Amino acid sequence: MSERKIVIPGEMIAKGNDFLPGDGTEKRGEEIIALRYGLAEEINKLVKVIPLSGVYNPRRGNVVIGKVELITFGGWVIDIGVAENAFLSLTEVPRFVNKDGLDEIMDIGDMAVVKISAINKRGIDATIKSRGLGKIDEGMIVPVNPNKVPRIIGKEGSMINLIKDETKCNITVGQNGLIWIKGDKVEDELFAKKAILFVTEKSFTSGLTDEVKKWFEKEKKNNDN
Amino acid sequence: MTTKTFKRPDGRKVDEIRPMSAKVGVIPNADGSAIFSFGETIAIAAVYGPKKMHPQHSQNPEKGTLRCTYNMLSFSVQDRIRPGPSRRSTEISKITEWALEPIVILEKYPNMVVDVHINILQANASTRCAGINAAAMALAHAGIPMRDMVSSISIGKLDKQLIVDVNKDEEDWEEGEGATDIPISLTSSGDITHFQLDGKIKKEELKKALELAKKATKEIYEVQKKALKELPGVEND
């Protein structure tokens, strides 16, 4: 089994004792069975299922984009599009904050880039103690299917770097499917948005980075005319 | 008389299922959705979640909850039915929940709930079976971890003759031994998750009915599988 194929729950992916069950799979006797719907992939005898649809499930270390829902005494409650809201504590802000002036840093309705620092029984904890995190002042936010985020980023960021270079925009991809685009001109931002939507549409073609390169050449020619 | 072949009201063979159709991803706002039909019986299912269970006292800290709601739309039958929940729909909601519970793996989602909403757009008997089939596909589409798929079929009896996939005329067939309807749900590996019996049947015949259901659910499974693999925008290469 070298190529990737779509599997449904309960379907056998591979047979034999030399395979190891990975994410979304289970071993029943000698067979590796898919436990969820998605693309089955085998790398070095490790079989796993890459999800195609469904809700985003937050993990520690994920960079996500959210909206400030509420200001409490100790911090901000941020909606990141999952069942539980993320909590950004005052102590996780890398500069001095006046306890009475939390809304000066971030007000209700503001968008912010945050990193998930911990997931525990009480909920999700977020931080902005890192480069590139914090309140979003300008630019635009594009929502996409969270399952397509890995494709937009590409292998070691190849795809997102290509889009950044071609459109001269600063792009932050949130793992929850929200993408922040910031460029010098609105035209650049719209162009970047168009490119991202093209990637999500074609997300299952192999050699996608080359295809996107061609797409950029074609689009640029059209723009010049 | 015994050599004469048995003919059903709509001319189907005894083990012939009405033409089936299935499609996945029909509701853009839902996390997972599917439509499934047996001839004139059409069921549409939407899955939302896993999300936080509300009210809080219904939360289960051990594992997630599956919550199904079955609803027949007022225009789904010839005489308009009163919209809203009824005794029958609450019962079928619970039955659907029990039919699907053994396959979903919700241990990783404590205090959360997966909502499954089933609506019957058009009814001509076997609605709960169509609903379960649609719900199983919608759950898979929503990316919920599942042990297996579930396929459901209703077995009926016209006097002494067992038939597969009953329609309304056959369901109301009172002559001979009386109306009998047996909805059965099976996983693709042949485990029973739901078995109902409405009417009278002999023990041996019930075993035969189960065999018929096993054969029929294999066909349904193939339809479900095909629909899931044909999700638009996905190239299988």
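**Terms and their grounds**

Analyst: The contact between the chains draws 26 residues from chain B and 17 residues from chain A; two residues are in contact if their C-beta atoms, placed from the backbone, lie within 7 Å. This is a predicted model, in which local features need pLDDT of at least 70 and side-chain atom pairs count only at pLDDT 80 or more, while totals for chains, interfaces and linings use all residues. Residues are numbered from 1 along each chain as its sequence is written, and chains are lettered from A and ligands numbered from 1 in the order in which they are written.

User: What makes helix 4 of chain A oblique to helix 5 of chain A?
Analyst: The axes of helix 4 (residues 186–201) and helix 5 (residues 208–224) of chain A come within 11 Å and cross at roughly 140 degrees. Axes are lines fitted to C-alpha atoms, for helices over the stretch in contact, and angles run from 0 to 180 degrees between N-to-C directions. Angles under 35 degrees count as roughly parallel, over 145 as roughly antiparallel, 65 to 115 as roughly perpendicular and the rest as oblique. Therefore helix 4 of chain A is oblique to helix 5 of chain A. The contact is made by A:A195, A:F198 and A:V199 of helix 4 and A:L208, A:V212 and A:W215 of helix 5 of chain A. By class, this contact has 6 nonpolar, no polar and no charged residues.

User: Why is helix 3 of chain A called roughly antiparallel to helix 4 of chain A?
Analyst: Helix 3 (residues 158–167) and helix 4 of chain A pack at an angle of about 150 degrees, with their axes 10 Å apart. That angle makes helix 3 of chain A roughly antiparallel to helix 4 of chain A.

User: How does the span of helix 4 of chain A compare with the one expected?
Analyst: Helix 4 of chain A has 16 residues and reaches 23 Å from its first C-alpha to its last, close to the 22 Å expected. The expected span is 1.5 Å times one less than the number of residues.

User: Which residues of helix 4 of chain A are buried?
Analyst: They are A:E189, A:F191, A:A192, A:K193, A:A195, A:I196 and A:V199. A residue is buried if 20 or more other C-beta atoms lie within 10 Å of its own, exposed if 12 or fewer, and partly exposed in between. The buried residues of helix 4 pack against elements of chain A including helix 3, helix 5 and strand 16 (178–182). Buried residues make up 34% of the 225 residues in chain A.

Note on methods. Helix = DSSP H or I, 4+ residues; strand = E, 2+ residues; numbered from the N terminus. Nonpolar A, V, L, I, M, F, W, Y, C, P; charged D, E, K, R; others polar.
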